[in-house]
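We will go from stop to stop, picking a few elements at a time.

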Amino acid sequence: MKVNWIVEDIGEDLSPLINEIKKQGHVVRMIDHLNGPYSSKDLFPSDEPCIFYGSLQEAQSILRDGTSSYMPGPLLNSWRAFECTSYYNYFDEFLFNSRYRFSSLYEAFRMLKGERFFIRPNSGLKTFTGQVVDLTGHMLTGLHLPTFMRKEHLDDAYMMVVTAPVKRVVEEYRFIIWEGHPISWSSYPDKRDVPDSVIVYAASVALNVYTVKGCPHTMYTLDIGVGEDGGMGVLEIGCASTSSFYHCKLGPIVSAMSRTAREEWLEFQPN
């Protein structure tokens, strides 16, 4: 069964992905995120599986729309599955930095006054980019909360965040996981070979989570970091429908995403 693909133009060169989708016999239509949101009824028939690939914002719009022709739409059970408070339970022992702490944004800046630390949002919706904050000078020479919120265009000082001691990542790799196994992988942001040791490690983590702990979805992205001491760990996971594939081989990804979309679509069809 062919699968209909809605691919959002997010300012990247998506022609290799478009070509691979067509090569595998599926139908694809591009949308421009500047002109969204879109109604699925305007793009494809409602009685065919339809998968989305694009931005977090448009994925949210599709989920809110809830029309059957967007089934399954983005590949995820819920956004909650990609919150740190959720998936850290699966990956806790494999995390690159296991000395993390959950708190409100306000509490983080209050408790860590005078320190240098890493901070990221709990939400998988990328409220702001994970980064190192230096409060060693605090109000005199360092960054403080109002400045941080203005810089990141935030309006909620009580949003949940994750903080951890600074730990340098020297190499980063993205793996596409399907049914507990890596099916494609790439370094990022630059292109270089992925060491066998990193592939073996990612495969071990993915299989352990899939068979022992459960996983956030049949298909997701898994980012592995390598530290200065050569130690490896999980940086974060992401929704396959809204994550960049960087330099990954696209054939296995399109095949797995299309198969997953068909299976999820069939689950919702009347017997």
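A few ground rules come before the stops. This is a predicted model, in which local features need pLDDT of at least 70 and side-chain atom pairs count only at pLDDT 80 or more, while totals for chains, interfaces and linings use all residues. Residues are numbered from 1 along each chain as its sequence is written, and side-chain values use heavy atoms, with hydrogens and water left out. Helices (H or I, at least four residues) and strands (E, at least two) are DSSP runs, numbered from the N terminus.

**Stop 1: the parallel sheet**

Select β1, β2, β3 and β4. They form an open sheet of four strands in the order β2-β1-β3-β4, with parallel pairing; two strands pair if DSSP finds at least two bridges between them. β2 (27-32) and β4 (72-73) are at the edges with a single partner strand each, so one side of each has no neighbour in the sheet. Now zoom in on β1 (residues 4-9) and β3 (residues 50-53), which pair in the parallel sense over four bridges. Which residue in β3 is the bridge partner of Ile6? Pick Phe52 to see that partner.

**Stop 2**

Contact here means heavy atoms within 4.5 Å, and angles run from 0 to 180 degrees between N-to-C directions, with axes fitted to C-alpha atoms, for helices over the stretch in contact.

Next, show helix α1 (residues 15-23) beside α8 (residues 250-267): they pack at an angle of about 55°, with their axes 10 Å apart. That angle makes α1 oblique to α8, since under 35 degrees counts as roughly parallel, over 145 as roughly antiparallel, 65 to 115 as roughly perpendicular and the rest as oblique. For the contact itself, display Pro16, Leu17, Glu20 and Ile21 in α1, which meet Leu250, Gly251 and Val254 in α8. These residues divide into five nonpolar, one polar and one charged. In this scheme Ala, Val, Leu, Ile, Met, Phe, Trp, Tyr, Cys and Pro are nonpolar, Asp, Glu, Lys and Arg are charged, and the others, Gly among them, are polar.

**Stop 3: the antiparallel sheet**

Move on to the open sheet of four strands with the order β10-β9-β11-β12 and antiparallel pairing. Its edge strands are β10 (181-187) and β12, each pairing on one side only. From one strand to the next the twist averages 30°. β9 (residues 169-178) is joined to β10 by six bridges, and Ile176 has Ser184 as its bridge partner in β10.

Select β11 (residues 219-227) with β12: seven bridges join this antiparallel pair, and Val226 has Met232 as its partner. Between these strands, the hairpin has four residues, and Gly230 takes a positive phi near 85°. Is β12 mostly covered or mostly exposed? Six of the eight residues in β12 (232-239) are buried, meaning under 20% relative accessible area, with exposed over 50% and partly exposed in between (1.4 Å probe, protein chains only).

**Stop 4: helices α7 and α3**

Finally, show helix α7 (residues 196-213) and helix α3 (residues 84-91), whose axes come within 9 Å and cross at roughly 100°. The two are therefore roughly perpendicular. Display Asn89, Tyr90 and Phe91 in α3, which meet Val205, Val209 and Lys213 in α7.
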